[in-house]
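This report describes one chain.

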Amino acid sequence: MSTFDVSLVTPDGPVFEGEVEMLIVPGADGEIGVLARHAPLIAMLKAGSTRVHVTRNGEVREFATGPGFFKVEQDRALALVDDAVEAREIDEERAREQLERAREELERVESGESDADRWQLEQRIKHAENQLAVVSGTGDPHLRPRTAA
């Protein structure tokens, strides 16, 4: 299978760079899968699971990524996201604690007991929810799969 170059970059720098067989990113309107020689593309990304199918041994590396932008041109893909944590590095208990603390603080803001930044708290909640969704394999925390009746 043909390969292409991928860069997954956060404000802190690159999280993954290398040649891959396939990349799947959480597009704003649904997942986007990219193979070598993909048509040029620019898209917005939402928080979710980014999966990098590396050529060696069929290895797949999964990341909990935040929102951002995605660009494909020639044989190169670039994902610029606000955060990326490799799934195997997610500490589920720590993410649950972060989620609980942020929700409690947001409740205090809403009741007038705190003047913390609401937007920052909402982002902390989304980040923790995304990590938990990726580590549990449930995907996007805002788009749960429907079950058959």
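Valine 85 touches Glu62, Phe63, Ala64, Ile90, His127 and Gln131, leaving out residues up to four places away in sequence; contact here means heavy atoms within 4.5 Å. Valine 85 is found in strand E9. Helices (H or I, at least four residues) and strands (E, at least two) are DSSP runs, numbered from the N terminus. With a relative accessibility of 18%, valine 85 counts as buried, where buried means under 20% relative accessible area, exposed over 50%, and partly exposed in between (1.4 Å probe, protein chains only). The C-alpha atoms of valine 85 and alanine 116 are separated by 25 Å, and the two residues are 31 residues apart along the chain.

The model is predicted: local features need pLDDT of at least 70 and side-chain atom pairs count only at pLDDT 80 or more, while totals for chains, interfaces and linings use all residues. Residues are numbered from 1 along each chain as its sequence is written, and side-chain values use heavy atoms, with hydrogens and water left out.

**The chain as a whole**

The chain has 2 helices and 9 strands. In sequence order the pattern is β-β-β-β-β-β-β-β-β-α-α. Of its 149 residues, 40% count as buried. Taken along the principal axes, the C-alpha atoms fill a box of roughly 55 × 40 × 30 Å. Among contacts between residues at least 6 apart in sequence, 50% join residues at least 24 apart.

**Helix H2 and its surroundings**

Helix H2 covers residues 118–136, and its 19 residues should span 27 Å at 1.5 Å a residue; the end C-alpha atoms are 27 Å apart, which agrees. The expected span is 1.5 Å times one less than the number of residues. At the start of H2, a side-chain oxygen of aspartate 117 comes to within 2.8 Å of the backbone nitrogen of tryptophan 119. Just after H2, glycine 137 has a positive phi of about 80 degrees.

The buried residues of H2 include Leu121, Ile125, Ala128, Leu132 and Val134. What do the buried residues of H2 pack against? Their partners are strand E5 (48–54), strand E6 (60–65), strand E9 (84–86) and helix H1 (92–110).

H1 and H2 pack at an angle of about 150 degrees, with their axes 9 Å apart. Axes are lines fitted to C-alpha atoms, for helices over the stretch in contact, and angles run from 0 to 180 degrees between N-to-C directions.

In the loop between H1 and H2 lies serine 114. Serine 114 has a relative accessible area of 18% and is therefore buried. Beyond residues up to four places away in sequence, serine 114 touches Glu105, Arg108 and Val109.

**Two side-chain polar contacts**

A polar contact is a pair of N or O atoms within 3.5 Å; within protein, one must be able to donate a hydrogen and the other to accept it, and residues adjacent in sequence count only if both atoms are side-chain atoms.

| Residue | Partner | Distance |
|---|---|---|
| Serine 114 | Glutamate 105 | 2.4 Å |
| Arginine 51 | Glutamate 31 | 2.9 Å |

Arginine 51 has its place in strand E5. Leaving aside neighbours within four places in sequence, arginine 51 is in contact with Met22, Leu23, Ile24, Glu31, Val60, Arg61 and Glu62.

**Positive phi in two loops**

Most residues other than glycine have a negative phi. Arginine 37, which is not a glycine, has a positive phi of about 65 degrees. Arginine 37 lies in the loop between strand E3 (30–35) and strand E4 (41–45), and is exposed with a relative accessible area of 64%. Glutamine 74 also has a positive phi, near 50 degrees. Glutamine 74 is in the loop between strand E7 (68–73) and strand E8 (76–81), and counts as exposed at 69% relative accessibility.

**A glycine in strand E2**

Strand E2 (residues 13–27) contains glycine 13. Is glycine 13 buried or exposed? At 17% relative accessibility, glycine 13 counts as buried. Glycine 13 and glycine 66 are 53 residues apart in sequence and 14 Å apart in space, C-alpha to C-alpha.
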